[in-house]
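Try each task yourself before reading the solution.

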Amino acid sequence: MNPVLELAPLNKQFTLHTQGGRTLEVLQGIELQVSAGECLSLQSPSGSGKSTILRCITGHYLPGPGSHVLLRPRALAHRGLDGALIDLAQANLHTLRLARQFHIAYVSQFLRVIPRVSTLSLVMQPMLREGLAPDQAEPLASSLLERLHLPSALWLLAPKTFSGGEQQRVNIAIALAACLVRPRELILLDEPTASLDQANRDVVTALLKDLRDAGAAMIGAFHDHDTHERLATRTQEVH
Amino acid sequence: MSQPILRAQGLGLRYGSLRAVHNVNLSLDEGECLAIVGESGSGKSTLLSLLAGQQQPHEGEVAYCDRSGMWLNLNTLDERDRRRLARTEWGFVRQHAQATLHPHVSAGGHIGERLMGLGARHYGEIRKTAQQWMARVEMDPSRVDESPSRFSGGMQQRLQLIANLVTSPRLVLMDEPTTGLDVSVQAKLLDLLKRLQEELGLATIIVTHDLGVARLLADQVLVMVRGEVVERGLVDQVFDDPQHPYTQQLVTSVL
């Protein structure tokens, strides 16, 4: 099967102009592939660049010279990309934006949202952008929050004051909300269960497993062994 | 959806020997928000006026794709067509609302002006539309007949905004729309802008020196230094992985 995503290769360095122009070589010649229905687990000690790999794929970080980040998107009618193989490392902003909006879901490590918007609205927004009417999005968003064991008393509050574990689940709900309306072919996971207790880890893992089995290609950085065991179909060392 | 709406190529303008804007290229999609950031005097506002066709560039060109899907070169467009576009397809929001609002014209009068420019004549309908828009941006509709000079700075800015939005423009250009407002007022106005962008599918270009504003509203960012674009990218890329020394300095100054 053709991979959904291929790094061929990925390089990344950071030049710190405000700190004497020091250059940090973080990633050199990383190569990997992931296909539909697979979950590739990146293994390496903290600080060795797993998050950087994920952020270079989403375009939060600019891939370094010589990088090729090849995405094979599903063709969508009327919007999104047309199904041709694209190199995200060379793509223009228009293409990058479409790739991110319609083809890639990214669960970041930390929740970063406007501190004044309610949790329910935050989860509904990606669904509305998918074209759902508010009265369709609301029950769908509610059932997602319910599935993630977020107490309904919190839904109308902004997540700023929530506990770490609650924020992490809100973050997951926002990142995956659009996938429930229309699946994304690539899902990137940066420590999705890091601050969760066992029970909540279970519900998150079950949700992710469903998306994987429905055909999403996944790349994840998992610190806890349990999540790795249950989700990963393949492991790759990163150094 | 997501078709290009505005393109600029090799845009340049000199004030005497000073290169106010030099070799700027950009492209904006329907419904997309572009933020132009940079310090005072970096050419942000000059660039905005070039994009709006309010000034003619010395080099390069700006093209706009209108509702019917036709590309128009703003540099060769005659004045009448440019005005028609300005009334029907664009909005322009300035930093100082007072400069665009007349103390002797009521709030409703300002909102109705653009509608009447497009041929609306029924006074009751115009007034009703004005009040609906006021309610939509959380202004008290019963104040429709008051002079704008009696409104607070934040409310004046809302008034200026809806006086533009009432004719459903596709592209709104904003020059420091939240600068000079109290922080809490600013936050409310930004939330409102964000909501309207989503609801109306507006393409927006916003000039700001406030990175928080850019992060909240923009999809795409241009960073200007001395008239040149030193960095252009998706908003989180520019702020999370800035490449140019100036952008790195800018980002570390905030956080």
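Two residues are in contact if their C-beta atoms, placed from the backbone, lie within 7 Å. This is a predicted model, where local features need pLDDT of at least 70, side-chain atom pairs count only at pLDDT 80 or more, and totals for chains, interfaces and linings use all residues. Residues are numbered from 1 along each chain as its sequence is written, while chains are lettered from A and ligands numbered from 1 in the order in which they are written.

**Exercise 1.** Find the strand order of the open sheet of four strands in chain A.

Strands (E, at least two residues) and helices (H or I, at least four) are DSSP runs, numbered from the N terminus, and two strands pair if DSSP finds at least two bridges between them. Reading across, you get β2-β1-β4-β5 of chain A, with antiparallel pairing. β2 (22–34) and β5 (86–87) of chain A sit at the edges with a single partner strand each, so one side of each has no neighbour in the sheet. Now zoom in on one pair: β1 (residues 5–16) of chain A and β2(A) are joined antiparallel over nine bridges. In that pair, Leu16(A) stands opposite Arg22(A) in β2(A).

**Exercise 2.** Describe how helices α5 and α6 of chain A cross.

First, the geometry: α5 (residues 164–181) and α6 (residues 198–213) of chain A have axes that come within 12 Å and cross at roughly 15°. Axes are lines fitted to C-alpha atoms, for helices over the stretch in contact, and angles run from 0 to 180 degrees between N-to-C directions.

Last, the residues: Gly165(A), Arg169(A), Ile172(A) and Cys179(A) in α5(A) meet Asn200(A), Val204(A) and Leu211(A) in α6(A). By class, that contact has four nonpolar, two polar and one charged residues.

How values were computed:
Ala, Val, Leu, Ile, Met, Phe, Trp, Tyr, Cys and Pro count as nonpolar, Asp, Glu, Lys and Arg as charged, and the others, Gly among them, as polar.
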